[in-house]
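Here are my notes for a first look. Keep the viewer open while you read, and go point by point.

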Amino acid sequence: MAADHLVQRWLALTRKELPALSGARGWPVHLDHCFQRILLDNATGGPWRETIASPAYRNATDAQLRLAIALGEQAIAGTQDMDLLNDKSLAWRGKRKGRTKRPGLS
């Protein structure tokens with residue numbers, strides 16, 4: 001079970017901070033549960049439900065939640081590509097969709 005301070009950071013990040021930036025950043029998702037899927041899948045290297053019991057924020061290890069949080073914070077800082085993280089998540093789930101380039105990105 002993840003430490004309380006990690007759970008609080010996770011919830012603030014995925015419920016408030018990332019959704020608030022989504023439109024301005026042109027990210028492929030805007031709902032909290034979508035950010036949670038993307039970050040947890042990338043933190044675990046596949047669909048998170050294969051390694052973490054639901055609800056993930058309560059059952060993830062500290063290390064898993066720290067990595068997921070770090071990925072979200074890197075996306076906010078502009079050092080992690082949310083589109084790429086989403087593509088990887090969808091591919092692991094067999095739901096890959098074509099990636100559309102946004103203006104100004106190569």
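1. Start with Asp41 and Arg93, which form a salt bridge with their closest N and O atoms 2.6 Å apart. The pair ties together distant parts of the chain: Asp41 sits in helix H2 (residues 32-44), while Arg93 lies in the segment after helix H5 (82-92), 52 residues apart. By salt bridge I mean a side-chain nitrogen of Lys or Arg within 4 Å of a carboxyl oxygen of Asp or Glu. Helices here are DSSP runs (H or I, at least four residues; strands are E, at least two), numbered from the N terminus.

2. Before going on, a word on what you're looking at: this is a predicted model, where local features need pLDDT of at least 70 and side-chain atom pairs count only at pLDDT 80 or more, while totals for chains, interfaces and linings use all residues. Residues are numbered from 1 along each chain as its sequence is written, and side-chain values use heavy atoms, with hydrogens and water left out.

3. Is Asp41 buried or exposed? Asp41 is buried, with a relative accessible area of 0%, whereas Arg93 is partly exposed at 28%. The cut-offs: buried is under 20% relative accessible area, exposed is over 50%, and partly exposed is in between (1.4 Å probe, protein chains only).

4. How many salt bridges does the structure hold? There are four. Two of them involve Arg9: one with Glu17 at 2.5 Å, N to O, and one with Glu73 at 2.9 Å, N to O. The Arg9 and Glu73 pair also links distant parts of the chain, from helix H1 (residues 4-25) to helix H4 (residues 62-77), 64 residues apart.

5. Now look at how open that site is. Arg9 is partly exposed at 25% relative accessibility, and so are Glu17 at 29% and Glu73 at 34%. Shared partners join Arg9, Glu17 and Glu73 into one salt-bridge network. As background, side chains of opposite charge can pair when their charged atoms come close.

6. Back to H5. Its buried residues include Met82, Leu85, Asn86 and Leu90. What do the buried residues of H5 pack against? They pack against H1, H2 and H4, with contact meaning heavy atoms within 4.5 Å.

7. Finally, check both ends of H5. At its start, a side-chain oxygen of Asp81 reaches to within 2.8 Å of the backbone nitrogen of Asp83. Just after H5, Gly94 takes a positive phi of about 70°.

Terms used: A polar contact is a pair of N or O atoms within 3.5 Å; within protein, one must be able to donate a hydrogen and the other to accept it, and residues adjacent in sequence count only if both atoms are side-chain atoms.
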